[in-house]
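Subject: Structure handover

Hello,

Here is the structure for you to look over. My notes on what was found follow below it.

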Amino acid sequence: AAWRSWRRSPCRCRWRAETTGTRAAESEPVPVTQRHDLVVVGGGPAGYAAALYGAAAGLDVGLVEEHRIGGTCLHVGCIPAKELLETASVLRTVRGASAFGVGTGDAEPTVDLVVSQQRKQGVIDQLAKGLGSLLSGRNVTVYDGTGRLGVDHTVTVQSRSDGGSTLVQADHVILATGSSPRTIGGFEVDGELVVTSDELLSITEVPGRVAVIGGGAIGCEFASMLSDLGSAVTLLEALPEILVGCDADVAKTVRRSFRKRRIDVHTGVSVSGHEPAAGATTVSYGSEADPAAEQVEVDLVVMAVGRWPRGDSAGLVGTRVVVDDRGFIQVDDRLRTGEPGVYAVGDVISTPQLAHVGFAEGMFAVRDLLGESPAPLDPETVPWCIYSHPEVAFAGMTEEAARAAGHEVVVSSHRFAGNGRAMIVGDTEGLVKVVAEVGPDGRAGRILGVHLVGPWVTEQLGQAYLAVNWEATVDDVAAHIQPHPTLSELFGEAVLSLTGRSLHG
Ligand code: FAD
């Protein structure tokens, strides 16, 4: 359930000043040497978005990063994961090329992950360079070190290179310290037999047999990627279905597709540990009552069980910033912490742990501190994209959630099997499902949610996201033209049929 970990749960909070008082006494006084309008701690998507947007608004901005600007997303998250998924996709395409009359001789296509890794790194380096140029072009002062927030909006930066300290003060501070991979007891990460996303994204050989633990977004992306690359994959998920949070029809479609590709999916199972022997390891799993009932021998265990927020990372000694028992920094709906003038954004707060949500929150915090009173962001309607094969994309309520929330709903589902472009590209698995509220006239009215699974749906979500967030009705959307032949025609068709008339459906 980690990818939905943003759902708020009762908070057992603690004040930083109470729990870290002894650390306060240990710190050396350092004179303030730098002042800014805004200091951002953490240079991942949430932090660098706040820095770039703040600078674009004319603020003098300092950005503190202890590792690499770009954070998880650029270096060990979205970008490398999607890059390697693309390698898997190319391999899949080449394997199916003969159906188009395109020959590869008698030889099975192969993959050289050393080359793939070089390509991946090339993409990362290019993006990192661009980001550095953007920051310097906007005169953002980048501090290379660990930032710790103390009283009076002061951030002590301990340099990574020489260990020296700089005291930076600002009118406002944004905390964007992100998250790190989570693991579970009995599965210590050794980088060889047990890895997290951090290590998996640098592999140079395709493992023969893999157990992926966790069937959320990241786990399903990895299971899909490794299967396409040639690994025998076992996917173990504790919940009754993979992809919790997705519409049930979408999750079922992915599961069916995984089954066809011989990905061995087990849901409703807990893992209890693993026993290494002779370069491989045996993972035990089973029901909660008997979590060691079954065993699978694998060459690699991939932990994909969510991410820990790094709420404690920036010290916070002597401040009124509150970190909850799960490690999230507590904020209100304006992303303000308990310390006046201090905001928190991105994975370190309990909102969807997604890079684009971090971008939006970084920009929101800047607008709020500028006194622009932006409308609060709604975590329930953000766009979600999962880059497995088949891809998944959605915005807004699932059919089940809409009914549970008391809406009377009407649903339209259309399959890619009848879509011309899907047939042309040779990828007809999947569907588009539109969930609409029944209006006072008894007809389908406002669009509450759109759920897509199938070819390139991550690139088709845009108009569905706008429809949900603009609170468009079925009639509003049906009045517009979809280009032909496109995959996105299916969304238009699904909406059109909710008007009571349809074309191809
Ligand atoms: P981070 O990216 O974690 O950045 C935080 C930064 O703060 C880090 O660079 C860290 O070094 C720095 N830091 C921490 N403490 C301090 C300190 N005290 N002083 C100075 N610096 C500090 N999201 C998507 O939207 N789409 C995807 O397709 C997607 N795919 C993913 C795939 C994988 C395998 C993973 C792991 C994640 C994926 N995500 C995806 C999630 C996405 O990467 C995160 O939501 C995003 O990186 C969060 O941004 P952030 O800025 O809040 O935190």
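The structure, which is a predicted model, holds two aromatic pairs. In one of them, Y48 and F359, the ring centres are 5.8 Å apart and the planes meet at 55 degrees, so this pair counts as tilted. Y48 belongs to helix α3 and F359 to helix α10, so the pair ties together parts that are 311 residues apart in sequence.

Next, the ligand.

There are 39 residues around it, and those that come nearest are E65, T72, K82, S313 and D347. By type, the shell around the ligand divides into 14 nonpolar, 18 polar and seven charged residues.

- E65: a polar atom of its side chain lies 2.6 Å from an oxygen atom of the ligand.
- G147: a polar backbone atom is 2.9 Å from a nitrogen atom of the ligand.
- S179: a backbone N or O atom is 3.4 Å from an oxygen atom of the ligand.

How much of the ligand does the protein bury? Taken alone, the ligand exposes 1,000 Å², and the protein buries 95% of that.

Several elements give two or more residues to the shell around the ligand. The helices among them are α3 (45–56), α4 (71–76), α5 (78–95), α8 (217–229) and α10 (355–369), and the strands are β3 (61–65) and β4 (141–149). The largest share, four residues, comes from α4.

The last item is a sheet.

Three strands form an open sheet with antiparallel pairing, in the order β12-β13-β14. Its edge strands are β12 (270–277) and β14 (294–298), each of which pairs on one side only. From one strand to the next, the twist averages 25 degrees. Strand β13 (residues 280–286) pairs with β12 in the antiparallel sense over seven bridges.

When you open the file, E65 is one place to start, being among the residues that come nearest to the ligand and having a side-chain atom 2.6 Å from a ligand oxygen.

Regards

Methods: Residues are numbered from 1 along each chain as its sequence is written. This is a predicted model: local features need pLDDT of at least 70, side-chain atom pairs count only at pLDDT 80 or more; totals for chains, interfaces and linings use all residues. Side-chain values use heavy atoms; hydrogens and water are left out. Two strands pair if DSSP finds at least two bridges between them. Axes are lines fitted to C-alpha atoms, for helices over the stretch in contact, and angles run from 0 to 180 degrees between N-to-C directions. A residue is near a molecule or strand if one of its heavy atoms lies within 4 Å of it. A polar contact is a pair of N or O atoms within 3.5 Å; within protein, one must be able to donate a hydrogen and the other to accept it, and residues adjacent in sequence count only if both atoms are side-chain atoms. Accessible areas come from the Shrake-Rupley method with a 1.4 Å probe; for residues, only the protein chains shown count as cover. Ala, Val, Leu, Ile, Met, Phe, Trp, Tyr, Cys and Pro count as nonpolar, Asp, Glu, Lys and Arg as charged, and the others, Gly among them, as polar. Rings of Phe, Tyr and Trp (its six-membered ring) pair if their centres lie within 6.5 Å; planes under 30 degrees apart count as stacked, over 60 as edge-to-face and the rest as tilted.
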